[in-house]
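Please keep the sequence and the coordinates at hand while reading.

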Amino acid sequence: MSKRSHNKAGQSKLARVAGKLISGVLVAAAIVAVLPFAGYVMGEMSYVEATYDSISGNTINRTSDVVITDDDRAAADAEMLYYMQSLEVRYQLDEMVMQNLHKVFDSAVYYIANTEMSVTEMWAYVAQTKSLMESAAVSTVSITTSEFLRVGDNWQTPTVSYGQKVAIVLPVINFGTEELNDLIVEPQTSTLVTEWPFEPDMTSYFQTEPYIPGNATKEQAMNNRREFTFYFTTRSDVMSGYYPLKFNVFYTKAGIRCEEPAELTVYVRTVGQPGSGTIGGSGQETSGAKPRIVVTGFETNPAQVFAGDTFTLTIHVQNTANDTPVTNVLFDMQAAAEGNDTTNTYAAFLPTSGSSSVYMDKIGANTAADIVIEMTAKADLAQKPYVLDVNMKYDAGTMFDLTDKASVSIPISQESRFDTSIPEVVPSDITVGSQSNVMFSIYNTGKTTLYNVQVKFVADSIDEASAFVGNLQSGATGNVDVMLTGIASTMDDGTVNVEISYEDDAGNVTVVEKPITLYVSEPYYDDMMFDDMMFDDMMMGDMMPEESGPKKGLIIGIIIAVVVLAGIGLGVFLMIRKKKKEAKLLADDLLDLEDTINSENKY
């Protein structure tokens, strides 16, 4: 086949695979760009083994010296196109980088279409082109290889005992198709027994490897694995269980050093001494003998805490473990947040020292202890219990930073306050048997509710009376309106005790006394009126007929009515006569005064 025929066939195949034609100018530029590289390929191409073609599904003989055909060229173009598209997806390339990739791809397609070469030379050229595209793709992005580096399938979790010297062999495989160079593998060590099971007897552990080749299949990756051996001594205080061993792998890919190392994790099973405790695979302590600190009670001084008061809080705690003491114990008291909105919140209790933490060196096994802290309750707290959280952090043997939490509820009281209006007593002087009206209001001026408010009026001169007002919320008003009846003459200064009682939230009754003044006197009777009434009673007795039965009852009723009317008339008559008598006496006094004045004027 002539060179012209190869050119036409290659261009036709390129149109089918890449979907584009190369213009004369671009072709010339591509030829100039690729000629030095082509010479290098033709003169110094290395030997490549036969591999499985994942695109066509056939085994390609890459060691043959047979001249390539159009089908060979199409397969090469397809593999380079697929590889370029995978780079675009893998690295999320921008438009400028993709343009560079297309230039490399177009140059390679043109070169293969217009060059006579063997199958071995073509596939070597394809591999070199893929490497160039990889370099162009990663020149502006960070290289991440964690998805390609893995621990080999031949890893088996070893078992080590306390004090034992061991060799840990870490198999590393490269699932990527690109070669990794200048590898450094280093374990993540620690001095804490909960994080690392081996003695930190060296300042640095690391192993190196010049390279790990890229691989197209899992079998190739396992065959080309690299194994790194580390020598350790198991700690004497190691806990029993599974420890994670983490390794950092640094590498160079396509000439660029990794920014972050890949991390590989394996596990090792440890056997500790009796009583050393157990550890889970995640590094978190899971021993069944984990001690607990519990709150057994609390008390305040004073016993009843009012809003705004400073009080001493004593919290009783106990280590429930029977054989394990706890050390480095830190208690942190956090009161519930109060307030109407997120911009106006505050703790219900504030420590007077400024710190809400209390530290103890040690609490022995099955031993009780007391936490003492002085706190102040906010002055505007409502009357109710408030929660105080007790956060605990401590160590126990080989277990560190253990935590527990408990809560206590501290009742806060508010001072109950009320006031009254000035009582109105109308009239303020009454006689025995008559009544006086007493009215006033009760104002709840405190921040707590007054329950079952009652008012009683107590004095020797009146019949005891009471009024029920009910519950008074903070700021509410209750009214009292009572009629008091006189039963005896006042023998003192006329004081009547007004007892105002109410209950708090706990049902405790409070009684407050306030005085009012009310005079009670005996009714006034004239002596002559009293004699006349006695005379009338006698006359009525003489006039009573000797009758019986219904007729007698009717007669008695008529007589009583007459007597009542007569009494009323007599009273009016006596009053008039009394007034006339008083007027006559007054007139006589005036005449005497006039005579005296006249006699004095004569002289």
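Is Phe 198 buried or exposed? With a relative accessible area of 0%, Phe 198 is buried; the term buried stands for under 20% relative accessible area, exposed for over 50% and partly exposed for the range in between, with a 1.4 Å probe and protein chains only. The model is predicted, so that local features need pLDDT of at least 70 and side-chain atom pairs count only at pLDDT 80 or more, while totals for chains, interfaces and linings use all residues. Residues are numbered from 1 along each chain as its sequence is written, and side-chain values use heavy atoms, with hydrogens and water left out.

Aromatic rings provide the next step. Rings of Phe, Tyr and Trp (for Trp, the six-membered ring) pair if their centres lie within 6.5 Å; planes under 30 degrees apart count as stacked, over 60 as edge-to-face and the rest as tilted. The count by this rule is 10 aromatic pairs. One of them joins Phe 198 to Phe 232 in a stacked arrangement, at 4.6 Å centre to centre and with 5° between the planes. Because Phe 198 belongs to the loop between strand 6 and strand 7 (207–212) and Phe 232 to strand 8 (residues 226–233), this pair ties together parts that are 34 residues apart in sequence. Strands (E, at least two residues) and helices (H or I, at least four) are DSSP runs numbered from the N terminus. Phe 232 has 2% relative accessibility and therefore counts as buried. Phe 232 also pairs with Phe 230: the ring centres are 6.3 Å apart and the planes lie at 10°, so this pair is stacked. Phe 230 and Phe 232 are both buried. A single aromatic cluster is formed by Trp 196, Phe 198, Tyr 205, Phe 230, Phe 232 and Phe 247.

Phe 247 leads on to strand 9, where this residue is the bridge partner of Pro 187. Of the 14 residues of strand 9 (residues 240–253), 10 are buried, which means that the strand is largely enclosed by the rest of the structure. Two strands pair if DSSP finds at least two bridges between them. Strand 6 (residues 180–187) runs antiparallel to strand 9, with six bridges joining them. Nine bridges connect strand 9 to strand 11 (residues 262–271), also in antiparallel fashion, and there Pro 244 stands opposite Tyr 267. With strand 12 (residues 278–279) the direction is parallel and the bridges number two; Gly 241 stands opposite Ile 279. Two bridges also link strand 9 to the antiparallel strand 10 (residues 256–257), where Ile 256 is the bridge partner of Lys 253. Strands 9 and 10 form a hairpin with two residues between them, and Ala 254 in the turn has a positive phi of about 55°.

Charges over rings come next. A charge sits over a ring if NZ of Lys or CZ of Arg is within 6 Å of the ring centre and within 35 degrees of the ring normal. Lys 130 lies over the face of Tyr 83, 5.0 Å from the ring centre, and Arg 226 lies over the face of Tyr 211, at 5.2 Å.

Finally, Ser 413 lies in strand 23 (residues 399–413) and counts as buried, because its relative accessibility is 13%. Its side chain makes a polar contact with that of Gln 304 at 3.1 Å.

Note on methods
A polar contact is a pair of N or O atoms within 3.5 Å; within protein, one must be able to donate a hydrogen and the other to accept it, and residues adjacent in sequence count only if both atoms are side-chain atoms.
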